[in-house]
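Colleague: Could you walk me through reading charge pairs and helix packing in a model?

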Amino acid sequence: MTVWNVIALLGGLAMFIFGMNLMSDGLKLVAGSYLKKVLEKLTQNRVIAMAVGAGLTVLIQSSNAMCVMVVGFVNAGLMELERSVGILMGAKIGTTITGQLIAFNISQIAPLIAFAGVIVTMFAKKQKAKNVGQIIASLGVLFIGLGTMSEAMKPLANEEWFQSILRQFSNPILGVIVGLIFTVVIQSASASVGVLQMMAMSGVMGFHQAFYIMLGMNIGASVAPALASIGGRKDAKRVAMIVILFESIGMILFLIVTQIFPVTLDWIAGTAPTNPSRQIANANTIFECLTVLILLPFAKPLVRMASWLIPGSDQKDVMSLHYIDESGYQSGTVLIGQIDQEVRRMCDLVRINILACTQVYNGKMEITEEQFADNEAAVDMLNKEITAALIHTSELDITPREARHVSNLYHIVTDLERIGDHAENILGYSVQMKENKQKFSGKALKEMEELSDVVYRIYDTACDHFEEPNREKFAIVYELEEKIDHMVERLRNNNIKRLSKGKCEATQGLYFNEILVDLERVGDHCQNIAKLVKRYPVRKVKEI
């Protein structure tokens, strides 16, 4: 074993991991935002959820990525904790396909595959075709790396010092620990198992030693979702705990079975007698499938155990992010889903302040001025943090459709923040009037109440349209905005008449006019939000 073998080994490992990550990124781009839709809609049944998790993991070739996405969706409240169990288990089955693919050992034609992928990427005009080219090229790079590693490791089979180390791995517990540490460093179970397969093909390691290392590698893969859940909600942490429990229980069961019945390992090895790489791939597939078969009926107890290990409920203050967490920064689709939830929360806070600022003049304000100020501060904070998260999406792989949505969200959060500012202005006029011991007349209050009711409607409709865009809501927003303009014009004229007849003082009239301006601007911002969410041709609706 020379220094050049070590250099070749490190280079091959780098190419293998790079190719795997590149392939995963390309597959996620091809799958696009459909992942989120499928995960949300097809996870009601536990068995179907497992099949969906397996299928999607085959598509993106990364159980870590799938588990992190589930952590992100649960943290954003887009998926219930119990519904996530089937997907998590399915993801573990899906990731074993990578090992089966590696076992084909097509290293000799890998350069040709990489070349074909690069050609497609360079000359394809459509983005989807370029993404497919990326997948093909990365597959070639992956196998080139595997071939390089295999050749570099062959001399190790004759090194006595290395064989002495391997003999220590005959202890199953030590093998599990080594596999766990190795995967924690590499951060990919598929890549770790792939390295193990290459070691077996090179004659460096026997199947019995590799088996226990493989068990540890699967536990090590649970570190990624655990890290992603840091700073998230309790349920997000429980998702990560379920992954750890699943792999740990499976590992313990297989340790017990193989120690009591050693022939089990011989039976697994017998599934591919002449192919060491396939033996490990089959062992990994059998391990994950049997573990799922055993634990899937116990999904509810797993959830209860995770809840017991991570007790309590979420108690986040208004000045903190509730949905955006570390898991979002690893997937554009997840991050956008979390941002949408924070924007909805922003909508709710602004709605509370709009209601409060217009009710204060009738003495019906349901929150204190301190609570109002806290809400406004939270809206400003959300505007800043959401904008920062939106900027971060440019560093992640997202589809053109998601990119358009991100662009619109920049403007939507700005409109919401401006609506909050108008609510703050309106409340400020109330404070000034109290200091001056002034009140609006009964007629002025009634007019303001009528206009406020329309403003509530347009705001609620615009926010509903943000959550579930449709043509009718879009048209209603336009109709209500026109109605607000006409009402403001009429109320402004009425205010002038009252001033000319001496029915109110100039200061009161000025405040009333300023409130009209702010409420009209709220309507304008609501119309902006409706435009940005989805564009429809304007048509009249029967009733407003």
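This is a predicted model: local features need pLDDT of at least 70, side-chain atom pairs count only at pLDDT 80 or more; totals for chains, interfaces and linings use all residues.

Colleague: How many salt bridges does a search of the whole structure find?

Modeller: Side chains of opposite charge can pair when their charged atoms come close. The search finds 10 salt bridges, a salt bridge being a side-chain nitrogen of Lys or Arg within 4 Å of a carboxyl oxygen of Asp or Glu.

Colleague: Which residue does Arg-418 form a salt bridge with?

Modeller: Its partner is Asp-421, with the closest N and O atoms 2.9 Å apart. Arg-418 and Asp-421 both sit in helix H20 (residues 400-435), three residues apart, about one turn of the helix. Helices here are DSSP runs (H or I, at least four residues), numbered from the N terminus.

Colleague: Is Asp-421 buried or exposed?

Modeller: Asp-421 is buried, with a relative accessible area of 15%, while Arg-418 is partly exposed at 33%. Buried means under 20% relative accessible area, exposed over 50%, and partly exposed in between (1.4 Å probe, protein chains only).

Colleague: Where in the chain do Arg-344 and Glu-467 lie?

Modeller: The side chains of Arg-344 and Glu-467 meet in a salt bridge at 3.8 Å, N to O. That pair links distant parts of the chain: Arg-344 is in helix H18 (residues 332-359) and Glu-467 in helix H21 (residues 442-467), 123 residues apart. There is also a network of salt bridges linking Glu-489, Arg-492 and Glu-520.

Colleague: And how should I read helix packing?

Modeller: Two packed helices are described by the angle between their axes and the distance between the axes. The axes of H5 (residues 81-94) and H17 (residues 299-309) come within 10 Å and cross at roughly 115°. Axes are lines fitted to C-alpha atoms, for helices over the stretch in contact, and angles run from 0 to 180 degrees between N-to-C directions. H5 is therefore roughly perpendicular to H17, a label for angles of 65 to 115 degrees.

Colleague: Which residues of H5 make the contact?

Modeller: Leu-81, Glu-82, Val-85 and Met-89 of H5 meet residues of H17 including Leu-302 and Val-303; contact means heavy atoms within 4.5 Å.

Technical notes:
Residues are numbered from 1 along each chain as its sequence is written. Side-chain values use heavy atoms; hydrogens and water are left out. Helices (H or I, at least four residues) and strands (E, at least two) are DSSP runs, numbered from the N terminus. Angles under 35 degrees count as roughly parallel, over 145 as roughly antiparallel, 65 to 115 as roughly perpendicular and the rest as oblique.
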